[in-house]
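Dear colleague,

I am handing over the structure we spoke of, and I would be grateful if you could read the notes below with it open beside you.

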Amino acid sequence: MGPYHAVVVHFPIALLTTATLVIALRAFSDGALARSTDRALVPLLALGVLSGAAAFAIGLMVWPLEAIFSSPLGRNHILAAAWTLAYWALLLATRWIQGPAVWDGFTRWVMLGLAILGGLLLAITGALGGHLMGTPTAASEGLRLLGWEIYTTYYVPDTTLALIAAAVLVLLALGWWGRRARAAV
Amino acid sequence: MKRIALYASLALFVGVLGVSWYTHGTGVVRNDPARRISIPERLTVPLQVQVAHNGTTIFFRYRWPSPRAGIFHDVLRYDGNAWVVRGDAVPGPQPDGLHEDRVSMMVDDGHVPEFGRYGGYITVGRRLAGLSDEVSGREIQAHPYLGQRLALDEATKYLPATRQNLDDWAATVPEPDQQALVAAGYFLDLWHWRAHRSNPVGVADDQFVGAGRLSDSGRGPYATNWDAARRQPRLMLDRARVGRSALNWDDIVQGRVGQDDVYYLREDQAVPFDAAASWRTGDTIPRRILRSSQGSRADIAVSGRARWADGFWDVTLSRRMDTGNPREDKIFTDRGIYQVAFAIHREATGGRWHYVSLPFTLGLGRSAEIEAARFEGETPNWQQRPANVTLFYPGQVNWPLVNSTRHAGAPNVRAGVPVRYRHSEDQLAHYGIEMEFNEAIQRQWRLTILGGLLLIAAFGFALNALLRRQGA
């Protein structure tokens, strides 16, 4: 399935990279072009996430799961792909739910920040995939310089997992409070 | 208020991502003597190699960094009541520094084709000595061929075709087939220089790898200095020749005995042990008796003096190109191409705690990764540039694993794709360590993925609940 993964993965890369540019344009501009491209943002994100999910599924069939789960580079690619997919799904949901109001005031900068982070995740996933297939780029060296030796698996210790669990609870509580506050208005 | 909550959500999300980045890769990989795991601080070490020949003798010169001269091996120390062995092998560095430095080289002439593609990996079977699941010495000794016929007492390197089943160290092919394999050239020559057990008598041990790691015929350069019945050394230093009967423990462990001192027990500088002598606590006698090696096992000589200086070993070995023993040695001929792989031990390590190289081609008058210089006379002048080799700590990766469904590259191995095509030394070092913790790392990795997904989902929920909805 390797060649098919290589073909399909072009779609989320192209669509989500375009989405990043659209978000950047809209964050900095209220002009006609920015508003026009923003109208295509939800379809762009939806297609990007769907094609990303397809690429993820096909990617899991390139090698036996036992093999890819035993490879540090393979594990890293899967982790980055899973997080990237979830992250862009979050952006899709946000733009869909919030509508054009997401560009009002300060939240446009929130969207820009989230898009930049999503673009980085996408780039890391793609770079790791390319490295896994035998075509490393300078991105791998860049990650090393930032403190991640990509030949070692990205995992966090139990204490960090506990911190993540606590953060999840706090975020859920904040969200629950926000919903109640809105309902009360 | 909602804006503050929004900022708090953003800060929490980004902050936790930051903590994840800062702490990643910690909490699992650690030294674990119970599982025979000890990971060196440095994962790669450079080695420089030069080769020269004059048509009859071939010379290999090795130079590699070592923080100190590891010239001692195990010893017998008098503790006031009895002689006690110190310097037994342990996972990783021996705490008292009592394990010698070494350089070794495996050589093939094309009869073991996998060696030229995968180097020493092909010699690492399942459950070898030093691995976390090592087979016991008793099992090896009880094996009808390995133990009783070949006199092996631990699970050593072997070549794949010497077994009927790649996964089973004990499934040796019948002895006639083993002999036929060797006669067909299916073995690797092994040059093995030891700073304590061979260097003081001017030789490197001459061995080979077939059904196991075996020694060439003849007598080796060392024997054990232990009288088991009397529980005392067999020999001690000859005071008349070297000025003392024993070394001092503190001098040894504090590095006050150097290369130019008598730090070894050579047969011609020793006398029978005298139990009645006035031994003092801390008197120490080497546990190895050095002697001249004989026969085919004595083929490899140290050329000049092997010396450690300024943090580097400089060792030159020489051997007749044609030893006349084609069943134990690889015969070198001018215009020939050979495959070689190197290893060193340093910082008082033994066994599998070494640094190894990928395979290299060696050409004698032929284009190759390492090209031997032709010279006239007795000794080379070493004018040619050395070949730079990267040695790496190999961790626990065995040949059955490389060929199994747990290795994504197994189909490539079956297709004969060389290891170098997809892996670098640095990568192999990290992979070798990760394989030592594969299950624990997989568990932590799965939890990390799950934690990240939950964090993203929770952040999305909070973000959308705190942002103003369209039309709201």
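Predicted model: local features only at pLDDT ≥ 70, side-chain atom pairs only at ≥ 80, totals over all residues.

The C-alpha trace of chain A spans about 55 × 40 × 30 Å along its principal axes. The domain assignment divides chain A into domain 1, given as 2-154, and domain 2, given as 156-185, and the centres of these two domains, taken over C-alpha atoms, are separated by 24 Å.

For chain B, the domain assignment gives domain 1 as 2-28 + 439-466 and domain 2 as 33-66 + 101-221 + 292-436. Between the centres of domain 1 and domain 2 of chain B, again taken over C-alpha atoms, the separation is 47 Å.

The contact between the chains comes next. It draws 66 residues from chain A and 64 residues from chain B, and the two chains bury about 6,000 Å² between them, with 68% of that area on carbon and sulfur atoms. On the side of chain A, the residues that lose the most area to chain B are A:Tyr155, A:Leu171 and A:Arg182, which together account for 14% of what that side buries.

Polar contact across the interface of chain A and chain B is found for 22 residue pairs, both residues being at pLDDT 80 or more. Several helices of chain A take part in this surface: H5 (65-68), H6 (72-98), H7 (107-132) and H9 (158-184) each supply at least two residues of the side that touches chain B. The largest share of that side, 18 residues, comes from H9(A). Sorted by class, the side of chain A that touches chain B has 45 nonpolar, 14 polar and 7 charged residues.

I turn now to the sheets of chain B. One open sheet is formed by 3 strands of chain B in the order E9-E15-E12, and its pairing is mixed. Strand E9 (222-224) and strand E12 (265-266) of chain B stand at the edges of this sheet, and because each has a single partner strand, one side of each is left without a neighbour there. E12(B) pairs with strand E15 (residues 288-290) of chain B in the parallel sense over 2 bridges, and B:Arg266 has B:Leu290 in E15(B) as its bridge partner.

A further open sheet of chain B has 4 strands in the order E4-E3-E14-E11, with antiparallel pairing. Its edge strands are E4 (83-86) and E11 (247-248) of chain B, each of which pairs on one side only. Here E11(B) and strand E14 (residues 283-286) of chain B are joined in the antiparallel sense over 2 bridges, with B:Asn248 standing opposite B:Asp283 in E14(B).

With strand E1 (residues 44-53) of chain B, E22(B) pairs over 2 bridges in the parallel sense, and B:Ala52 stands opposite B:Ala373 in E22(B). With strand E21 (residues 360-364) of chain B, E22(B) pairs over 3 bridges, again in the parallel sense, and the bridge partner of B:Leu364 in E22(B) is B:Ala372.

B:Val242 lies in helix H5 (residues 239-242) of chain B, and, leaving aside its neighbours within four places in sequence, B:Val242 is in contact with B:Leu237, B:Val262 and B:Gln269.

With kind regards

Definitions and conventions
Residues numbered from 1 in each chain as written. Chains lettered and ligands numbered in written order. Heavy atoms only, no water. Contact = heavy atoms within 4.5 Å. Buried area = accessible area lost by both parts, 1.4 Å probe. Polar contact = N/O pair within 3.5 Å; in protein donor to acceptor, adjacent residues only side chain to side chain. Nonpolar A, V, L, I, M, F, W, Y, C, P; charged D, E, K, R; others polar. Pairing = 2+ DSSP bridges. Domains from an automatic or database assignment.
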